[in-house]
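Work through the exercises below with the sequence and the coordinates open. Try each task before reading its solution.

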Amino acid sequence: MRKRSEGFWGIHSDFHATPDFGAQGRALKEEDIRLVCRVLKPDYWQIDSKGHPGYASYPTELGNAMPEFALDTFEIWRRATAAEDVALIAHYSGVFDQKYCAEHPDDAILQADGNSSVNFTRLTSDYVHKVVIPQLSELAGKYGFNGAWVDGECWAVDFDYHPETVAAFERETGISLNGKLPKCKDDLYYNEYREFLRVLFRRYLKTYVDAIHSRFPDFELTSNWIYSDHAPEKPVIDVDFLSGDYAPWNCVNWARYSGRALAQQNKPWDLMVWGMRSGSAEKADLIYVHTSQLLQNAATTISLGGGFQVDVHQFPDGSPRMAQLMPLVPVAEFMRAREPFCHKGKLLHQCAMLLSTYDCHLSGIPFSRDNAEQRMGLTALLCDAGQSLEVVSEHNFEGNYSLYPMIAVPELVNGLADETVKDLLDYAFNGGSLLLAGVNTCRIFEKAGAPFTVANPAEEAVDRPVVDCVRTHKAELQRYFTLDGVYFGGVMGPVEIHSENCENVAHLCFNERCERRPFAVIIPWGKGKIAAVGANLGREYVKCAQYLHRDLIKKIADKLYTPKARIESALGNVEITCLTVGDKLTIQLTNVNGNHANDTVATENMIPPALDIKVSVALDSAQHRLTLQPEGRDIPFVFEQGRGYFELPRLDIHSVVVID
């Protein structure tokens, strides 16, 4: 039986039990569990133990069990999975516990309005000692579970103004609030108070991780979304693996962004996709998605070196949904065929996008995802422009900037630490290629001495469109931009970028007849280069993608550096990732066509293939062998001036080129 941290392919099933679900286990059959394990051959199966409502879906001895059981469900689950050599993992809700909050309101967070939360427990309470540690110990000791995937964690940490929390803040920081609670961002000590809540969560997490590991050293734990884009921090707590579940809306782009954020942390990691999807408002909800969509989601994750799991809810009595699980056979086969060429791979340093802990920590609740769409959008844009991309935070960049041929900084909302700005400018001056994308980002670097100036677009005495931009919730002036003077795209609220010694890559105008102003430039800087784009391209692309966005980024990147491998051309969108697996370099190719970003399409039975794909890779000689996997087919290539050029006529979902 594989350890959970070593798992590559898994099933997740939960149902967040509530008393109206009736007797637990009334339709549970051991043979169903064993059949799924034999047919799908997962490394692990995660099942519900306590969801956000706070009711344990097994006959726990701790007083929070569901009211009625037809049988002890967990005895059956453990016996069946053990017989089939599948690890059994508990889905367990941590900070988020509605039942406990209702029964112990003084142990719930106290909200800014003076009311106790009905959802979130207080980190300064004894909840972790009264419930979390005893219950995880029960799962490990009594039932022999192999680990727990703890849900409702960092993302459920909200502002807490309970007197005990306030007193702890004043005692530990030495700051006296004098009765004035920091409830909004303009209040004194607001940032310090938010950081203290992060400290409390880290302390809570370490408490139960260390306690369980001391008693059950083989019981493996993770806290959902810790050390991810929700919490882009250096791992200091001994969780055994990293994981998160991303919602089905815009799922491919979320997986690309979140997966890369996890991959930087040098821990085993995986992502879970919901096996159901919904359309936009007033459309059908929770429609089970087609296998083709699941395969595409799997590819976007395993091509980064991570594991993959699919969420198929249990029935309300805890039984597996056989009609939804058995069609996953193609997903299981897809995963196993690619495991030798993907699992535990490490991204080759090429282009890196900054995921700033500093910027994230100054937004919203303690572990906020505010403004994530802007970062996700630039991730998608760089990938669609053919970049083998990493997402890297300050703690991993520190001392390592020179390892990356190109670094992109997305639109910043709150800014960067002065030291980070200096380090990035020094990186470019010493030979690196720095791409700055975003209005506020360009202004921050201009102020720090970057070799350009930022100006509001010049006024023109012509009629111009003012668009009430739904995407930004405010009226912004629309401009057009062009790379070649023939085709024009649109951007909202851009700025001009001026430099005396630069190459103008793209220009702004009111319309195609008006004067064109510099908008995207490349500037020599010491031994390196700085590219600056005066628009929030990530936000634009994720809300309203334009092919000219891709053309712009591709043109800039091609002028900044030559990557190890790149897409030369393709009909359709193909993501390329350079991944070192064992001692071999692989080129991971993923078809990212389809309706995954279309919120009016709940499910689709076909991903349009990518066609006529031309790829090049740097090679030291023509003596290498290129093999297409998992097909096991040799790929002919042409070797010219240090690069091998090859073609693939069609890419349905995902293939790997292994270089020997």
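The model is a predicted one, in which local features need pLDDT of at least 70 and side-chain atom pairs count only at pLDDT 80 or more, while totals for chains, interfaces and linings use all residues. Residues are numbered from 1 along each chain as its sequence is written, and side-chain values use heavy atoms, with hydrogens and water left out.

**Exercise 1.** Describe how helix 5 packs against helix 6.

Step 1. Locate the elements: helix 5 covers residues 163–173 and helix 6 covers residues 190–215. Helices (H or I, at least four residues) and strands (E, at least two) are DSSP runs numbered from the N terminus.

Step 2. Take the axes, which are lines fitted to C-alpha atoms, for helices over the stretch in contact, with angles from 0 to 180 degrees between N-to-C directions. The two axes come within 11 Å and cross at roughly 100 degrees.

Step 3. Classify the angle: under 35 degrees is roughly parallel, over 145 roughly antiparallel, 65 to 115 roughly perpendicular and the rest oblique. Helix 5 and helix 6 are therefore roughly perpendicular to each other.

Step 4. List the contacts (heavy atoms within 4.5 Å). From helix 5, Thr165, Val166, Ala168, Phe169, Glu172 and Thr173 take part, and they meet Glu192, Tyr193, Phe196, Leu197, Leu200 and Arg203 of helix 6.

**Exercise 2.** Which residues have the most contacts inside the largest nonpolar core?

Step 1. Buried means under 20% relative accessible area, exposed over 50%, and partly exposed in between (1.4 Å probe, protein chains only). A nonpolar core is a set of buried Ala, Val, Leu, Ile, Met, Phe, Trp, Tyr and Cys residues joined through side-chain atoms within 4.5 Å.

Step 2. The largest core has 149 residues, and Tyr208 and Leu552 have the most contacts inside it. Helix 6 supplies the largest share of this core, 11 residues.

Step 3. Leaving aside neighbours within four places in sequence, the contacts of Tyr208 include Val128, Val132, Ile133, Leu136 and Val150.

**Exercise 3.** Where around the axis of helix 1 do its buried residues lie?

Step 1. In helix 1 (residues 30–40), the buried residues are Asp32, Ile33, Val36, Cys37 and Leu40.

Step 2. Just after helix 1, Lys41 takes a positive phi of about 50 degrees.

**Exercise 4.** Is the peptide bond from Gln629 to Pro630 cis or trans?

Step 1. Omega is near 10 degrees, and the bond is cis.

Step 2. Pro630 sits in the loop between strand 30 (626–629) and strand 31 (633–634).
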